[in-house]
Amino acid sequence: MSVVDTLARLVAFPTVSNQPLVELAGYVAERCEAAGFRVERFVAPGEGKQNLVCSKGPRGTDGIVLSGHMDVVPVVGQPWTTDPFVLRQSGSRLVGRGTADMKGFIAATIEALTKLPTLERELVLVWTCDEEVGCLGSKDLVPKLADRPLPRLCVIGEPTSFRILRMHPGHTAVRIGCTGRAAHSSKPDLGDNAITKAARVIDRLELLAADWRRDVRFAELLERPFVVMNVATIQGGSAINIVPDRCVIDVGFRALPGMVVAELVEQMRARVGEWGAVELLRETPALLTEEGGELEGLLRPDASAPGTGAASFATDGGNFAALGMESLVFGPGSIDVAHMADEYVDGGELHRAVDVVTGIVSRRCGRG
Ligand SMILES: [Zn+2]
């Protein structure tokens, strides 16, 4: 099978994050087993959710981890030219949902498995679910791997056009509930309007966001070198003639490495004060890997640009840090076309990815 055929098979499983992905996981597991890998399956929360750990080579020998997520973002409402789950070739482009983010990397890795030398050190493949909805799969997986010896070095094959990215902000979701008292709208003085409270909350959040923007860090790596906040959704009220008693605002923010998320939430709580109740929904950790490490040296011959950079998006690497892993984000395809209609990976880049993966693993795990 060619890498393009493999990619076509992967794309054909419509593994949007709200859908089961056991079938795709089953296919990936089968291909890894066929290449002599041990496969460990980890059931994750939700229907048909699974993480896979596939390994080959002597256990506990500190080889390398290659990791990617098996889920993709939705296609609903996007102007796709053709069926997003049928791989289409258009010039040098291979078009389909997940081709860049990040089934291209999974396909290239599967294809590389048959080209590897005898492994003196362990190669571990970690394929996750529910990454696109807050790295939930890896979050569930990490404690289950606490007792398993794993290599220290980890490549997260997100689409970076083969640039080496060593840092990204995290992402935290917070819910703010504003509570009032319902009344007939003809007698608003008898009620307490939850939506007008929410308006005050949003004013205060904007002031906090402005303060956060002044706390500049990692300016050499980030386009927006501060904590970015987004007031994302708001829901409140039930009818035109009722004073609303409830309004809920969901807010996202992106903490930088080294920041304590609980402290940022506390700042939010202090700012919002009596107008709303602040509740932490979920947290995806930031990632920061030292410059000039062993893994960077390993990737350097295949890097498309000198130096290292930062990703604006969060990855599973933040969660993997809890296992003592040092991750770099590095893979085929461009993040600029990910999540969009007619997402694609360049065919040449995909073929090169097979050689890149083979080379990295051979250098790290082959006979030295
Ligand atoms: Zn991704």
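A crossing of two helices is termed right-handed if the near helix is turned clockwise from the far one by less than a right angle, and left-handed if the turn is anticlockwise. In the predicted model described here, helix H3 passes helix H9 in a crossing of the right-handed kind.

The protein is divided into two domains, with domain 1 comprising 3-168 + 286-365 and domain 2 comprising 171-284. The centres of the two domains, taken over C-alpha atoms, are separated by 34 Å. To the contact between them, domain 1 contributes 11 residues and domain 2 contributes 11 residues. On the side of domain 1 that touches domain 2, strand S15 (287-288) and strand S16 (309-310) each provide at least two residues. The residues on this side of domain 1 comprise 7 nonpolar and 4 polar residues, with no charged residue.

Two packed helices are described by the angle between their axes and the distance between the axes. For helix H3 (residues 99-112) and helix H9 (residues 347-365), the axes come within 8 Å and cross at roughly 55°. H3 and H9 are therefore oblique to each other, an angle being counted as roughly perpendicular from 65 to 115 degrees and as roughly parallel under 35. On the H3 side, the contact involves Gly104, Phe105, Ala108, Thr109, Glu111 and Ala112. These residues meet Leu350, Ala353, Val354, Val357, Thr358 and Val361 of H9. By class, the residues of this contact are 8 nonpolar, 3 polar and 1 charged.

Helix H9 also packs against helix H1 (residues 3-12), where the two axes come within 10 Å and cross at roughly 105°. This angle makes H1 roughly perpendicular to H9. Val3, Val4 and Leu7 of H1 meet Gly347, Leu350, His351 and Val354 of H9. The contact of H1 with H9 consists of 5 nonpolar and 2 polar residues, and no charged residue takes part.

Strands of a sheet pair through backbone hydrogen bonds, either parallel or antiparallel. An open sheet of 3 strands has the order S4-S5-S18, and its pairing is antiparallel. Its edges are formed by strand S4 (88-90) and strand S18 (344-346), each of which pairs on one side only. From one strand to the next, the twist averages 30°. S4 is joined to strand S5 (residues 93-95) by 3 bridges, and these two strands run antiparallel. Within this pairing, Ser90 has Arg93 of S5 as its bridge partner. Helix H3 packs on the sheet and touches S5 and S18, with its direction at about 50° to that of S18.

A further antiparallel pair is formed by strand S1 (residues 38-43) and strand S2 (residues 50-56), which are joined by 6 bridges. Glu40 stands opposite Val53 of S2. The two strands form a hairpin with 6 residues between them, and Gly46 in the turn has a positive phi of about 105°.

Strand S9 (residues 171-179) and strand S13 (residues 246-254) run antiparallel and are joined by 8 bridges. Val174 stands opposite Val251 of S13.

From H5, the contact is made by Val201, Arg204, Leu207 and Leu208, and from H6 by Gln267, Met268, Arg271 and Val272. The residues of this contact divide into 5 nonpolar, 1 polar and 2 charged.

Definitions and conventions. Residues are numbered from 1 along each chain as its sequence is written. This is a predicted model: local features need pLDDT of at least 70, side-chain atom pairs count only at pLDDT 80 or more; totals for chains, interfaces and linings use all residues. Axes are lines fitted to C-alpha atoms, for helices over the stretch in contact, and angles run from 0 to 180 degrees between N-to-C directions. Helices (H or I, at least four residues) and strands (E, at least two) are DSSP runs, numbered from the N terminus. Angles under 35 degrees count as roughly parallel, over 145 as roughly antiparallel, 65 to 115 as roughly perpendicular and the rest as oblique. Two residues are in contact if their C-beta atoms, placed from the backbone, lie within 7 Å. Ala, Val, Leu, Ile, Met, Phe, Trp, Tyr, Cys and Pro count as nonpolar, Asp, Glu, Lys and Arg as charged, and the others, Gly among them, as polar. Domain bounds come from an automatic or database domain assignment. Two strands pair if DSSP finds at least two bridges between them.
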